[in-house]
Amino acid sequence: MCGIVGYIGENQAAPILLDGLSKLEYRGYDSAGIAVFNDYNLEVAKAKGRLSVLAEKTDNGCGVRGSMGIGHTRWATHGEPSDVNSHPHLSMSGRFAVVHNGIIENYISLKKELSGKGFEFISETDTEVIAHLFEYYYNGDIMDAMIKVINRVEGSYALGVLCSEYPDQFIAVRKSSPMIVGLGDNENFIASDVTAILKYTRDIYYLDDNEVVVLKKDSVKVFNKDKEEVIKEKFTVDWDVSAAEKGGYEHFMMKEIEEQPKALRDTISPRIKDGKIVLDDISLTTKDIKNINKIYIVACGSAYHTGVVGKYVIEKMCRIPVEVQVASEFRYCDPIINNNDLVIVISQSGETADTLAALKEAKNHGARILSIVNVVGSAIANASDDVIYTWAGPEIAVATTKAYSTQLAVIYLIAAYMAEKLGMLTSGEYAKFIEEIESLPDKVEEILKSKEEVQYLASKFFNCHSIFFIGRNLDYAVSMEGSLKLKEISYIHSEAYAAGELKHGTISLIEDGTLVIALATGQELFDKTVSNVKEVKARGAVVMGITTEKHENMEDVADYIVKIPATHEMLLPSLTVIPLQLFGYYVASLKGCDIDKPRNLAKSVTVE
């Protein structure tokens, strides 16, 4: 959601800014802009629409000269997408240019105050308030102005600020919105995400909340709000540059679907040693686990769906009650939590605003926080008591695939780790589970080798107006993710229902030709799901069944069958989700949708 890139060095800034912004397109945006320092003036170029419009407008950056600048891709929150509402925003005198990710919650009162002091606003954005505040507080010292600004604004922000009176440096700050600093050779960077600058440097600083960074071409200094210098730890990114590039695939999403076997191996293998799960990442002792009263799993979107799987798996294996809540609701429901509760927070980016706020709410109640994230040094990781990283590598497509799969893998590891400590598994059961979880990458590869079968089914149903997903227990949890994948990239209406709930109202929507995708992989509830398939078939539905190689009866009732390999029942979601991801992808492709950048969506949701 929105993207920031900043550069200072010996090269022309604008082409580097445009290149960096192109790596952030996956975050979701509807306009883009750059500001470059040029002969004591700030030159701004911005445009509604795709980044290609801005690139054409600036001759791929060659038309905007200067070696220091900031750039932004905007996802509209305040004001419609337009050239005027695009970032960067200038102060009234043109002395300051500002890019901003996040939301300023008190911007209305600040706007009224500034208007009363003679400041004129030309946009509908909250960000223009920040530009005018810099102008108002500036007394010749940009650091003083920055401190005064951040002491006045409320909400979340990552800011990059140019001042025409500072030709050799620019300044940035973050609070509850992602911002990293890239360290180069006679050049330095800021960015919302490391993918924007990976081409230029692998050495970075992660900024903490309310840390201000001053960048010159040959130095980077970080300060706290008291203007005291902060010594930062340098991190080196070990991702291969190609991991953030398409590598010959038409879309990042398909590349990332195909990368799931590797991502699963990278996440699982280092954590199984000598036949035992070893979670060196966390400090939970056997005593801590035995004292857990209740587990909350808090997340948004696909990560929430991971949590629903987690509820079934942890309760089954550990016999600890688990409650799954959407992060945006959790903080407002006055949750009943105490210091004997464990809160598992799941977020791909580690910066999801609602999830971060829920984490802080849980900590305020004394709960222990275990986070599952993909980004080292992210806000959620830093705020947690324990963190387990999913080694998925960069995920560029807005619709998550490999991040979801690695989150599932970590949930399995946590569940089995705790079950073994609690004595809930025999040695034989534990060994069998380890064997099966280690085989998941190979079984995912096996499914992917038959992806043309799913492509054929997509060709038959890509014109559907509404599709229903049904399943029970773990199959229902995966149905939710399959439905989301389809709707977010193909724009086809779809819903997921617990199969037994159909007769309580929803079955009235089934008519001749309605596609129902029925998941029936578990042994215990297989016959019941088959009965539900018969119910929708009797009302005219066309049924695509997804089941395992062990089940033959599904072929008697479903019109089309997709089979997955058999595995431990708790691990089935990792296999069932693969054909659902493929189906969503192929349907969207046949419809001609913008698969990697679906309309209205953002990869990292950093505003509430």
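The model is predicted.

Strands of a sheet pair through backbone hydrogen bonds, either parallel or antiparallel. Strand 5 meets strand 6 (residues 96–104) in the antiparallel sense, over two bridges. There, Leu-90 stands opposite Ala-97 of strand 6.

Strand 2 (residues 31–38) and strand 3 (residues 41–48) pair in the antiparallel sense over eight bridges. Gly-33 faces Lys-46 in strand 3, standing opposite that residue. Two residues lie between the strands of the hairpin. Asp-39 sits in the turn, with a positive phi of about 55°.

Next, a helix pair. Helix 13 covers residues 402–422, and helix 14 covers residues 427–448. Their axes come within 11 Å and cross at roughly 170°. An angle over 145 degrees counts as roughly antiparallel, so helix 13 and helix 14 are roughly antiparallel to each other. Helix 13 brings Ala-409, Tyr-412, Leu-413, Ala-416 and Glu-420 to the contact. Helix 14 brings Tyr-430, Phe-433, Ile-437 and Leu-440. By class, the contact has eight nonpolar residues, one charged residue and no polar ones.

Helix 19 (residues 572–590) holds Gln-581. Is Gln-581 buried or exposed? Gln-581 counts as buried, because its relative accessibility is 0%, and buried means under 20%. Leaving out residues up to four places away in sequence, Gln-581 touches Met-253, Ile-257, Gln-260, Thr-401, Tyr-404 and Ser-405.

Finally, the cysteines. How many disulfides does a search of the whole structure find? The search finds zero. Cys-163 is buried, because its relative accessibility is 1%. Cys-62 has 47% relative accessibility and therefore counts as partly exposed, a class that lies between the 20% and 50% limits.

Methods: Residues are numbered from 1 along each chain as its sequence is written. This is a predicted model: local features need pLDDT of at least 70, side-chain atom pairs count only at pLDDT 80 or more; totals for chains, interfaces and linings use all residues. Side-chain values use heavy atoms; hydrogens and water are left out. Two strands pair if DSSP finds at least two bridges between them. Helices (H or I, at least four residues) and strands (E, at least two) are DSSP runs, numbered from the N terminus. Buried means under 20% relative accessible area, exposed over 50%, partly exposed in between (1.4 Å probe, protein chains only). Contact means heavy atoms within 4.5 Å. A disulfide is a pair of cysteine sulfur atoms within 2.5 Å. Axes are lines fitted to C-alpha atoms, for helices over the stretch in contact, and angles run from 0 to 180 degrees between N-to-C directions. Angles under 35 degrees count as roughly parallel, over 145 as roughly antiparallel, 65 to 115 as roughly perpendicular and the rest as oblique. Ala, Val, Leu, Ile, Met, Phe, Trp, Tyr, Cys and Pro count as nonpolar, Asp, Glu, Lys and Arg as charged, and the others, Gly among them, as polar.
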